[in-house]
Amino acid sequence: GLRVIEECFEHPAGRGEYRYIEIVPSVRVVPVTLERDIILIREYKYPLDEFILGIPAGTQETGESLFEAAKRELEEEASYTTESFVDLGCYYPMASTVTQRAQIVLGLNVYPAMVENRDGCERANIQPIRMSLKGVFAAIRSNELLDGQALAALLKAFIYLGYFRAE
């Protein structure tokens, strides 16, 4: 589901045109192990023609609960699983040009899945990477982790987990 919309509208200064994209809702999963490591993925991104670091993410299918979608994406993309999820709320990835609502889910105490749930394309294009919190901060600082949606989800997860404090 992707649809490009072009609209004409009236405003005090005259007529205007606006173009934006509608995309179905998505889920972003921040997987954290019992040892508090983060499971990232290195995934091939076709528009960039390169592999970049990110987090498991994908479409929430019709009729699928948020946590069902999070579990499926975690298993398909990272080959990890858990039964412990926390809804961290949503955000709009590009509010001025895309209507997509992205939901962030924290996966707690994740562990390797016993059954491979990835198809051939995912196995060839996605590599799970277990990284310490210090390693994640270093990847962000060094511009190795550049995916904006992963950065937004990690920020919300780190605040929830108490890694950042305002005081």
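**Labels and the values behind them**

In this predicted model, Glu64, Arg72, Glu73 and Glu76 are linked in a network of salt bridges.

Q: What makes the pair Arg72 and Glu73 a salt bridge?
A: Their side chains meet at 2.8 Å, N to O, and a salt bridge requires such a nitrogen within 4 Å of a carboxyl oxygen, so the pair qualifies. Both Arg72 and Glu73 are buried.

Q: Why is Glu35 called exposed, and why is Arg130 called partly exposed?
A: Glu35 has a relative accessibility of 53%, and exposed means over 50%, so Glu35 counts as exposed. Arg130 has a relative accessible area of 41%, which falls between the limits of 20% and 50% and therefore makes Arg130 partly exposed. The side chains of Glu35 and Arg130 meet in a salt bridge at 2.5 Å, N to O.

Q: Why does Asp37 count as buried?
A: The relative accessibility of Asp37 is 19%, and buried means under 20%, so the label applies. Asp37 also forms a salt bridge with Arg130, at 2.8 Å, N to O; because Asp37 lies in the loop between E3 and E4 and Arg130 in strand E10, the pair ties together parts that are 93 residues apart in sequence.

Q: Why are helices H3 and H4 called oblique to each other?
A: Helix H3 (residues 133–141) and helix H4 (residues 148–161) pack at an angle of about 140°, whereas roughly antiparallel requires an angle over 145 degrees and roughly perpendicular one of 65 to 115, so H3 and H4 are oblique. Leu133, Val136, Phe137 and Ile140 in H3 meet Leu151, Leu154 and Phe158 in H4, and this contact has seven nonpolar, no polar and no charged residues.

Conventions
Residues are numbered from 1 along each chain as its sequence is written. This is a predicted model: local features need pLDDT of at least 70, side-chain atom pairs count only at pLDDT 80 or more; totals for chains, interfaces and linings use all residues. Side-chain values use heavy atoms; hydrogens and water are left out. Axes are lines fitted to C-alpha atoms, for helices over the stretch in contact, and angles run from 0 to 180 degrees between N-to-C directions. Helices (H or I, at least four residues) and strands (E, at least two) are DSSP runs, numbered from the N terminus. Angles under 35 degrees count as roughly parallel, over 145 as roughly antiparallel, 65 to 115 as roughly perpendicular and the rest as oblique. Contact means heavy atoms within 4.5 Å. Ala, Val, Leu, Ile, Met, Phe, Trp, Tyr, Cys and Pro count as nonpolar, Asp, Glu, Lys and Arg as charged, and the others, Gly among them, as polar. Buried means under 20% relative accessible area, exposed over 50%, partly exposed in between (1.4 Å probe, protein chains only).
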